[in-house]
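Visitor: I'm new to this one. Can you walk me through it, a bit at a time?

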Amino acid sequence: MTSEEVRKQFLDYFRSKGHEIVPSAPMVVKNDPTLMFTNAGMNQFKDIFLGNRKPAYLRVANAQKCLRVSGKHNDLEEVGHDTYHHTMFEMLGNWSFGDYFKKEAIDMAWEFLTVTMKIDPDRLYATVFGGDASDRLERDTESAACWMEKLPSQHVLDGSRKDNFWEMGETGPCGPCTEIHIDIRDEKERKKIPGHELVNKDHAEVIEIWNLVFIQFNRKENGSLIPLPSRHVDTGMGFERLCMIMQGKRSNYDTDVFMPLILEISAISNIPYGDSEQTDVAMRVVADHLRAVAFSIADGQLPSNNKAGYVIRRILRRAVRYGYTYLKQNDPFIYRLVPVLGRIMGRAYPEIIQQEELITRVIREEERSFLHTLATGIQRLDSVIARNSKKGITKIDGKDAFELYDTFGFPLDLTALIARENDMDIDTEGFDREMRKQKDRSRTAAIQDASDWENLFPADNTLFVGYDSLEAEVKITKYRKVSQRNKVYYHLVFDKTPFYAESGGQVGDTGLLENDGEKIPVLNTIKENELIIHITDKLPEHPEHTFRAVVNGRKRKATANNHTATHLLHWALRKVLGTHVEQKGSLVHPDYLRFDFSHFRKVTDEELDRVVTLVNEKIRENIPLDEKRDVPLPEARQMGAMSLFGEKYGEKVRVIRFGDSVELCGGTHVHATGEIGLFLIVSESAVAAGIRRIEAVSGEKAEKMAREKIRVVNELKALLKVKEDVINRVRELMEENRLAATRLEACNREKLGVIKKELLADNTEDIGDIKLVSGILNISSKMMKDLAFMMRNEVPGLAFVAGSVADGKPLLTVMLDDRLVEEKGLDARQIIREAAVEIQGGGGGQAFYATAGGKNPKGLKQAVEKAVARIKEKVSK
């Protein structure tokens, strides 16, 4: 059975069971801040499970293209090395939204596998949720009973919460699941070891093929589970694995999903598949990664250095590296596989064929760019590995890894991959250190035309006196002139200073440098290595004189408030969330504080409230500062002082204690916590996987924030004419607005239907089997787009050109039938660019659909006529 037949059998079966067959959602996610890529078939239905959207159909099925390369679903390192892991894969799924549940889902899965696909029932195993005491959940006896009607008892296995209880996230819809596994070993192996002993044991030939999730609970923020009013079914089956089974193979890569690509790679490289394990792995990696990259580009995500684009670039570079190293491909070659991919998957996913040119061009340019530096980079890494091997060193120095990253564009994980192949590790701490140095250099690089230091007095390192005083008599020991962003500044170094230099997350002090003759503002204080530098925009008239350095006391006080509040926040978070909380970054500013910390999930509102309460309790207790300077580091640690992982400390440290909060810290603090006044959290958010961020205010800023919130609530009460229940009234208004928007959308749809009929009746010109529809309409840009796609779906052979004016600006739209693009060579982008000249504008889009905006509404008629003439010219040839 071919892969196309497998896919068709699945969709046909569930269509026969009353399921609506819906198209695959794009693999690249554009509107979900929690995801870059679709990693499961259920992603497009999340809003239904969350109760944010009603389903259009109660029963749905589809084949969904997915990508798993990050987070808990990260299969990248296994790809090519085993038989069944992939980056991009298809997931076959069926869903019930409040319709059927466990028995029907299991019955249909069983019937499809054993009757439709004729898989031997004796090779199938089912796992069910075995219960979990911590959640007070019993065994899923309903699913178990269903399976016991079909399978012998030794084929029905209890699974753990990890394997058989599905959760969308830390909170939200969840429920037990039942997994179907298959044993594809030969009879000899099956007799040696029973299949049930190998289920969920990572055996390459005893594998999961289908997961049936029964969403029946909602996990609250406090961790409790409550039953959902509507129960749902969400299933996912690995398409490539099913093809492997139906084609009698032992590896997904041996199926017709991958083999045409592998054979083409073999032909290009002139290396037979099966020749060696290394070259086989390389061919599998290239075949797999091509699919991921091609489908991402087709969905609009080009390789780049940011976010999703960086992931795609990383995957492609990994494939290039395997081709270069093991297949001896020194020139771009992966792009040549795109037409083969189109032949394999173009019928199911026509975008691969429609955008073949773009995909090919992008991949070729990316290959060329990376190959340009790859050869030199690998030679450099090989020499490092050879040198280390001679010396018996098993770790690649962080400086060498950073050089590869900085000079040759090697991501750290690529260097780590090559290192692992040579039984070596990477000095990641050293790499991070070099990265920090580069950032420091970047900051320094912003200083242009810096003059040499002018030394006035010999002096040791500047003595910092700012813990005890905000003023000091100082002498300028040296200075230099710098030009930065077309402005002239001066860097001054004093013999001693009350100014705190930016470090440890705390911003630098500002203030004045004064004597009897002049007052010069100190704009900032920074550190360059250990040198404390005071930045001014003016050099004193007599720099050799003695000056009084005066810190801006108001800003210093506000900064100290926020720094002490940061310590109290850290302590409170560990108290509320657990001792796994560790500081991962901070910013202490006069106006606010920002604190990054390790934590595995979003901090709940209840937890944040407890944190704020604890911090404000400590503020009201007016705990005095207990400061100890020059404490030996071991002694400080014995005192319980918290240190930051990876931070370098001297032999002597400063310990800051406020009650139970004890930290190593060089920053400035209040004399007693009562000086802070008030502490409020502004926001809590994610920074990266496992890292959360809290932004907060204290003192005057916190009071201002509280007053503003009270003012807003009072204004809302007045506007809404309610005394207390503001929130419910706002919800009512939102619902009224939603209903009004729904009615407006319905009216617009009806209006578009009328416009379409009028256009087809009065503004259509038949040119053979082509329908050329054109006109100038009085509708919005959104309605124009909806009309264009409505026409495209309903009018065969369509060539549609229309103009409109919205908010005084002209809009031009061109929509073409695929046949006109493929057979007649029409390109909506080219047509729109030429016509847009008439409206003094420009635009773009895709070959079948393009739009343009402009500045000249008077030219709209000419623009439409120009586009129509261009289409006629092309189709008449």
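Visitor: What lies over the face of Tyr 335?
Guide: Arg 364 does, 5.2 Å from the ring centre. Keep in mind that this is a predicted model.

Visitor: And over the face of Tyr 467?
Guide: Another arginine. Arg 654 lies there, at 3.6 Å from the ring centre.

Visitor: On to ring pairs. How many aromatic pairs does the structure hold?
Guide: There are 23. Take Phe 45 and Trp 95. Their ring centres are 4.8 Å apart and their planes are at 55 degrees, so the pair is tilted.

Visitor: Why tilted?
Guide: Planes under 30 degrees apart count as stacked and those over 60 as edge-to-face, with the rest tilted. The angle here is 55 degrees, so this pair counts as tilted.

Visitor: Where in the chain do Phe 45 and Trp 95 sit?
Guide: Phe 45 is in the loop between β1 (20–21) and α2 (46–49). Trp 95 is in strand β5, residues 88–97.

Visitor: Which aromatic pair does Phe 45 form with Phe 97: stacked, edge-to-face or tilted?
Guide: A tilted one, at 5.4 Å centre to centre and 55 degrees between the planes. Phe 97 is in strand β5, 52 residues from Phe 45. Phe 97 is buried too, with a relative accessible area of 4%.

Visitor: Which rings link into a cluster?
Guide: Phe 10, Tyr 13, Phe 14, Phe 112 and Trp 210, joined by ring pairs.

Visitor: Let's switch to strands. How many residues of β6 are buried?
Guide: Six of its six. The strand covers residues 124–129.

Visitor: Which way do β6 and β9 run, parallel or antiparallel?
Guide: Antiparallel, with four bridges joining them. Strand β9 covers residues 172–183. Ala 126 stands opposite Ile 180 there.

Visitor: And β6 with β7, parallel or antiparallel?
Guide: Parallel, over four bridges. In β7, Ala 126 has Val 156 as its bridge partner. The chain gets from β6 to β7 through helix α4, residues 141–148. That β-α-β crossover is right-handed.

Visitor: New topic. Where is Ser 469?
Guide: In the loop between β15 (463–464) and β16 (471–484). Ser 469 is partly exposed, with a relative accessible area of 28%.

Visitor: What does the side chain of Ser 469 reach?
Guide: The backbone oxygen of Glu 471, at 2.6 Å.

Visitor: How are Ser 469 and Phe 499 separated?
Guide: They are 30 residues apart along the chain. Their C-alpha atoms are separated by 9.4 Å.

Visitor: How do β32 and β33 pair?
Guide: In the parallel sense, over seven bridges. Ser 774 stands opposite Val 801 in β33.

Visitor: How covered is β33?
Guide: Mostly. Seven of its nine residues are buried.

Visitor: How do β33 and β34 pair?
Guide: In the antiparallel sense, over eight bridges. Ala 799 has Leu 816 in β34 as its bridge partner. Their hairpin has two residues between the strands, and Asp 807 takes a positive phi near 55 degrees there.

Visitor: Last one. How many bridges join β34 to β36?
Guide: Five, with the strands running antiparallel. Among the partners are Met 815 and Tyr 849, the latter in β36.

Terms used. Residues numbered from 1 in each chain as written. Predicted model: local features only at pLDDT ≥ 70, side-chain atom pairs only at ≥ 80, totals over all residues. Heavy atoms only, no water. Phe/Tyr/Trp six-rings, centres within 6.5 Å; stacked < 30°, edge-to-face > 60°. Buried < 20%, exposed > 50% of the residue type's maximum accessible area, 1.4 Å probe, protein only. Lys NZ or Arg CZ within 6 Å of the ring centre and 35° of its normal. Pairing = 2+ DSSP bridges. Right-handed = clockwise from strand over helix to strand, strands pointing away. Polar contact = N/O pair within 3.5 Å; in protein donor to acceptor, adjacent residues only side chain to side chain.
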